[in-house]
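I opened this structure for the first time and kept notes on what I looked up. The entries below follow the order in which I went through it.

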Amino acid sequence: MILVIGACGQLGSELTLTLRTLYGADQVVAADIFEPKQADLLASGPFEKIDVLDPKGMTALAARYNFTQIYHLAAVLSATGEKDPKFAWRLNMDGLFHVLDLALACGVSQVFWPSSIAVFGPDTPRQQTPQHTVMNPSTVYGISKQAGEQWCAYYFKKHGLDIRSLRYPGLIGYKSLPGGGTTDYAVDIYRKAAAGKPFECYLHQDTYLPMMYMPDAIKATIDLMQAPARNISIRESYNVSGMSFSPSEIAASIQKILPSFEIAYNPDYRQQIADSWPQTISDQVARQDWGWQPAYDLDAMTADMLENLQQQLPFEA
Ligand code: VAH
């Protein structure tokens, strides 16, 4: 049995559906503190309410299922984290500890935990950021991801727990909404464009960030988890990247299909977060170790996003 914690989130909801297709709908338990809004998530398999800050409740849930894998995706992201740093630290760290200890106690064979390019900071090389480099994150989210990476490596070395991790860039998809990230603009811009509305961007037009289309993020996650353990040389977290672009570049990509789409720029507090992150990521180690290879570039993502979002209309944009 597989447990997906944070299954109602942007990545969790899509990952749950993919895992159910791969391993069988009744083999994947979707769990979250929130009730799912996505009808297909509830309809396609078991759902459980869970609070990762309640270890007793998590132990009781694990006693009802024989989990062999846990995907722990519940976290407070970068922008929201800066509004309540102490809670972000508590949820991101205590939640991880509870999952790691549950995995050991229940004999879970594999754990997946997402890190982020947010582990890098303003003094990290911003072009082709290497796997091993200076990491002085300037957000609580980034600090928690950097600390979490070290704890994952510790549980692997000390306890032999097969925990694997990816440093995701900004993730973009049409099946779920993002929640509290600095890169969320790259989802909202498509939703506004598909609905025929103008978009006001909270980042400067030239803010270049690493991004990835959701199908590539899902593929990277599954490929990493299915790779033979002997191929995994990184137990903190792997750099992965799909593409990098700025708000003006994504707007131009949209305007190739929707020429009348309009964008305005009004940078807010998230500009400082974005400016502390890399612009491009080197993911050579992931390519060497387990064959990572993204499939989507900006224009391919734009075409697929707009086609699918226009089929979902009308929606609140
Ligand atoms: C965020 N979407 O914006 C997340 C991600 C690299 C960014 O970790 O906080």
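This is a predicted model: local features need pLDDT of at least 70, side-chain atom pairs count only at pLDDT 80 or more; totals for chains, interfaces and linings use all residues.

Entry on the backbone. I looked up Gln 128 and found it in the loop between S5 and H6, where it has a positive phi of about 50° although it is not a glycine. I then turned to the peptide bond from Leu 313 to Pro 314, which is cis, with omega near 5°; Pro 314 itself lies in the segment after helix H12, which covers residues 298-312. I wrote both down because most residues other than glycine have a negative phi, and most peptide bonds are trans.

Entry on H5 and H6. At what angle do the axes of H5 and H6 cross? I read a crossing at roughly 15°, with the axes coming within 10 Å. Angles under 35 degrees count as roughly parallel, and H5 and H6 are therefore roughly parallel to each other. H5 passes H6 in a right-handed crossing. The contact includes Trp 89, Met 93, Leu 96 and Phe 97 on the H5 side, and Ile 143, Ala 147, Trp 151 and Tyr 155 among the residues of H6. Sorted by class, this contact of H5 with H6 has 15 nonpolar, 4 polar and 1 charged residues.

Entry on H7 and H9. I next looked at helix H7 (residues 185-194) and helix H9 (residues 247-255), which pack at an angle of about 30° with their axes 11 Å apart. That angle makes H7 roughly parallel to H9, and H7 passes H9 in a right-handed crossing. Here Tyr 185, Ala 186, Ile 189, Tyr 190 and Ala 193 of H7 meet Pro 247, Ile 250, Ala 251 and Ile 254 of H9. By class I noted 9 nonpolar residues in the contact of H7 with H9, with no polar and no charged ones.

Entry on the largest pocket. Which residues are the closest to the centre of the largest pocket? The pocket has a volume of about 1200 Å³, and of the 46 residues that line it, Gly 9, Gln 10, Ala 75, Leu 77 and Gly 179 are the closest to its centre. Among the elements that give two or more residues to the lining I found helices H1, H4, H5 and H6, together with strands S5 and S7. The lining residues divide into 24 nonpolar, 15 polar and 7 charged.

Notes: Residues are numbered from 1 along each chain as its sequence is written. Side-chain values use heavy atoms; hydrogens and water are left out. Axes are lines fitted to C-alpha atoms, for helices over the stretch in contact, and angles run from 0 to 180 degrees between N-to-C directions. Helices (H or I, at least four residues) and strands (E, at least two) are DSSP runs, numbered from the N terminus. Angles under 35 degrees count as roughly parallel, over 145 as roughly antiparallel, 65 to 115 as roughly perpendicular and the rest as oblique. A crossing is left-handed if the near helix is turned anticlockwise from the far one by less than a right angle, and right-handed if clockwise. Contact means heavy atoms within 4.5 Å. Ala, Val, Leu, Ile, Met, Phe, Trp, Tyr, Cys and Pro count as nonpolar, Asp, Glu, Lys and Arg as charged, and the others, Gly among them, as polar. On a 1 Å grid over the protein atoms alone, a cavity is a set of points where a 1.4 Å probe fits but cannot get out, and a pocket is an open set with protein on both sides within 12 Å along at least five of seven lines; lining residues have an atom within 4 Å of a point. Grid points are joined across faces, edges and corners, and a volume is the space filled by probe spheres set on the points.
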